[in-house]
Amino acid sequence: MIETRLDLDRIHAARRVIDPVFLNTPLYRCDALGRQLGCDVSIKLETANPVRSFKARGTELVASLLAEQGRTGVVCASAGNLGQALGWSGGRRGLDVTVVASRRAPVAKLDRIRALGAELELVDGDFEMARERAVSLARQRDVRLLEDSLDLETCEGAATIGLELAGSPFDAVLIALGGGAMATGVGYVMKTLAPGVEVICVQPSGAPAMTRSWHERRVVTTESTDTIADGVAGRFPIPAVLDDLLAVADDAVLVRESSIIAGMRMLLEHTGLVVEPSAALGVAAVLEDRDRFAGRHVVSVICGGNVDLDAYHRWVR
Ligand SMILES: Cc1ncc(COP(=O)(O)O)c(C=O)c1O
């Protein structure tokens, strides 16, 4: 029995609430990429949906609950993808959605948050400052604050990816690690339904707080972050999420920026996928430790495709 805040029945129930457009995403073996990486590689594609990331699996749960409760507003801090997802899910249910983000977030993400009808407030600091501002805004307005990775819906939504993976014969699953909703959600399902599958979390060396925390088994914060993988660039791990991660992850590894870029380029060249940096973390992890994965079958969750085109061209050219 895996002890976390998650519960398998609730995760199964979540599938009945989430709009089917976000469910049963493509899962396929990619031989061309596998040949390059020296192992069997499957891709779980979370970008072919209206918000181009997995985050709507969680926001669907939150927004439907709020609508059921007759609530009208919701605030979240976002690195960019949660805000789009909440804009989509909340907008569909008539909720007033406010997103707080860093002014330094990718323009493509900020533009899409606005385009989805959400109110966008920008802060001059990083994601952690956006989190602080979101707390006070929600308090001021007396509306629900959605806290990514802390609020169970965000983990349960992401965990439905795990249900879609659990029946397949993989040796390892590679999961981008930010606040931890995806890793704890998917990890919980894998450890419950497919305990033989190795759950490996991947973070950039430039944003290592959660990975360091996992290794030291206590919350470790950092002063700053320095990575192009904006979706996973947090500094303050949440204690309850770390506890869950300790229960479900087999490993947490850090990768270099050059490997993330190489991963993005390989995903373009060998799978035809344009991904944001966070989605290339899994490939980067294989690139940095080929021997570990040689001959094994790994699945990498391609978790987001929201990227500024100019930056993307610069990276992959
Ligand atoms: C594309 C992408 N990958 C990975 C993550 C990290 O997910 P989590 O915060 O659930 O760990 C995020 C978070 O927003 C993201 O947008």
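View 1. Leu152 touches Arg5 and Leu6, leaving aside residues up to four places away in sequence; contact here means heavy atoms within 4.5 Å. This is a predicted model, in which local features need pLDDT of at least 70 and side-chain atom pairs count only at pLDDT 80 or more, while totals for chains, interfaces and linings use all residues. Residues are numbered from 1 along each chain as its sequence is written, and side-chain values use heavy atoms, with hydrogens and water left out. Leu152 belongs to helix H7 (residues 152–165); helices (H or I, at least four residues) and strands (E, at least two) are DSSP runs numbered from the N terminus. With a relative accessible area of 24%, Leu152 is partly exposed, a class that sits between buried (under 20% relative accessible area) and exposed (over 50%), using a 1.4 Å probe and protein chains only. Asp19 is 133 residues from Leu152 in sequence, and their C-alpha atoms are 18 Å apart in space.

**View 2. Gln203, a buried side chain with polar partners.** Look for Gln203 in strand E8 (residues 198–204). Its relative accessibility is 1%, so Gln203 counts as buried. The side chain of Gln203 makes a polar contact with the side chain of Thr211, at 2.8 Å. A polar atom of the Gln203 side chain also lies 3.1 Å from the backbone oxygen of Leu177. A polar contact is a pair of N or O atoms within 3.5 Å; within protein, one must be able to donate a hydrogen and the other to accept it, and residues adjacent in sequence count only if both atoms are side-chain atoms. Not counting residues up to four places away in sequence, Gln203 touches a set of residues including Pro208, Met210, Val232, Val253, Val255 and Leu281.

**View 3. Helix H12, mostly covered.** In helix H12 (residues 281–288), six of the eight residues are buried. They are Leu281, Gly282, Val283, Ala284, Ala285 and Val286.

**View 4. Helices H8 and H10 packed together.** Helix H8 (residues 181–193) packs against helix H10 (residues 239–248) at an angle of about 35°, with their axes 9 Å apart. Axes are lines fitted to C-alpha atoms, for helices over the stretch in contact, and angles run from 0 to 180 degrees between N-to-C directions. H8 contributes Ala183, Thr184, Gly187, Tyr188 and Lys191 to the contact, and H10 contributes Val241, Asp244, Leu245 and Val248. Five of these residues are nonpolar, two polar and two charged.

**View 5. Two nonpolar cores.** The largest nonpolar core has 66 residues, and Leu33, Val173 and Met182 have the most contacts inside it. Apart from it lies another core, of 17 residues, among them Cys76, Val97, Val99 and Leu110. A nonpolar core is a set of buried Ala, Val, Leu, Ile, Met, Phe, Trp, Tyr and Cys residues joined through side-chain atoms within 4.5 Å. The residues that Val173 touches, beyond those up to four places away in sequence, include Leu165, Met190, Ile200 and Val301.

**View 6. Two loop residues with positive phi.** Asn24 is not a glycine, yet has a positive phi of about 50°. Asn24 is found in the loop between helix H1 (8–14) and strand E1 (27–29), and counts as exposed at 53% relative accessibility. Arg217, also not a glycine, has a positive phi of about 55°. Arg217 is placed in the loop between helix H9 (209–216) and H10, and is exposed, with a relative accessible area of 60%.

Definitions and conventions. Nonpolar A, V, L, I, M, F, W, Y, C, P; charged D, E, K, R; others polar.
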